[in-house]
Amino acid sequence: MADDTQVTWLTQEAFDRLTNELEELSGPGRIEIAKRIEQAREEGDLKENGGYHAAKDEQGKMEARIRQLTQLLRTAQVGEKRESHGEVEPGVVVTALVAGGEERFLLGSREIAGNADLDVYSEQSPLGAAIIGLKIGEKTTYTAPNGRDITVEITDVETFNG
């Protein structure tokens, strides 16, 4: 059986931030939501108890985030911030002409971006996979999910300082 686990590149800062988030959710977060559910349960009829249902929904979202973070951190490749060398690689900010319009985005994981106000494309996305390894001035074409062929020209590659 082939291992098709997806590796995600993270800076040490992003890895530490996500580890802290996981610890908070797994420990104090779970205790807090369990208390809220128990308090709402004590109010009586669960069918019409909005507080109970809201707490259960929040618990479900929290458990999903715990699973997501656990998987992400288990498969993360941690390294230094990627210094731009004019080549597209995970962890850099790319400026490109995409279908004739200029776009600026981070190539990598949304988790690297943190609170940065940048679009993020995964290196496994059709666009990301097409431009990995390209240098400034190089062009390529990729097929979008809707079947259209889209031309991309790399105009700049920068170090991400988010």
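## Between the domains

Domain 1 and domain 2 share zero salt bridges. This holds for a predicted model. On the side of domain 1 that touches domain 2, the elements giving two or more residues are β1, α1 and α2.

The domain assignment places domain 1 at 9-79 and domain 2 at 87-159. Eight residues of domain 1 and five residues of domain 2 take part in the contact. Taken over C-alpha atoms, the centres of domain 1 and domain 2 lie 32 Å apart.

## The nonpolar cores

The largest nonpolar core has 23 residues. Leu10, Leu18, Leu106, Ile112 and Phe160 touch the most other members. At least two residues come from each of β1 (8-11), α1 (12-41), α2 (50-74) and α3 (110-113). Domain 1 (9-79) and domain 2 (87-159) both contribute residues, so this core lies between them. A separate core holds 16 residues, including Val94, Ile131, Ala144 and Ile150.

Which residues does leucine 10 contact, beyond its neighbours within four places in sequence? Phe15 and Leu18 are on the list. Leu73, Ala76, Gln77, Val78 and Gly79 are there too. Glu111 and Ile112 complete it.

## Salt bridges

The model has six salt bridges. Side chains of opposite charge can pair when their charged atoms come close.

Arginine 41 is partly exposed, at 39% relative accessibility. Glutamate 38 is partly exposed at 35%.

## Bridges across the sequence

Glutamate 87 and lysine 135 form a salt bridge at 3.4 Å, N to O. Glutamate 87 sits in the loop between β2 (76-79) and β3 (92-98), and lysine 135 in the loop between α4 and β6 (139-143), so the pair ties together parts 48 residues apart in sequence. Glutamate 87 is partly exposed, at 32% relative accessibility. Lysine 135 is partly exposed at 41%.

Glutamate 158 and arginine 104 meet at 3.1 Å, N to O, in another salt bridge. Glutamate 158 belongs to strand β7 (residues 149-159) and arginine 104 to strand β4 (residues 101-107), so this pair ties together parts 54 residues apart in sequence. Glutamate 158 is partly exposed, with 24% relative accessibility. Arginine 104 is partly exposed, with 43%.

## Serine 125

Where does serine 125 lie? Its place is the loop between β5 (119-121) and α4 (126-131). Is serine 125 buried or exposed? Its relative accessible area is 17%, under the 20% cut-off, so serine 125 counts as buried. The side chain of serine 125 reaches the backbone nitrogen of glycine 128, at 3.0 Å.

## Glutamine 71

Glutamine 71 is a residue of helix α2. It is partly exposed, with a relative accessible area of 37%. Glutamine 71 and valine 7 are 64 residues apart along the chain, and 9.9 Å separates their C-alpha atoms.

## Alanine 99

Most residues other than glycine have a negative phi. Alanine 99 has a positive phi of about 55°, although it is not a glycine. The residue lies in the loop between β3 and β4. Alanine 99 is partly exposed, with a relative accessible area of 48%.

Terms used:
Residues numbered from 1 in each chain as written. Predicted model: local features only at pLDDT ≥ 70, side-chain atom pairs only at ≥ 80, totals over all residues. Heavy atoms only, no water. Core = buried A, V, L, I, M, F, W, Y, C linked by side-chain atoms within 4.5 Å. Buried < 20%, exposed > 50% of the residue type's maximum accessible area, 1.4 Å probe, protein only. Helix = DSSP H or I, 4+ residues; strand = E, 2+ residues; numbered from the N terminus. Domains from an automatic or database assignment. Contact = heavy atoms within 4.5 Å. Salt bridge = Lys/Arg side-chain N within 4 Å of Asp/Glu carboxyl O. Polar contact = N/O pair within 3.5 Å; in protein donor to acceptor, adjacent residues only side chain to side chain.
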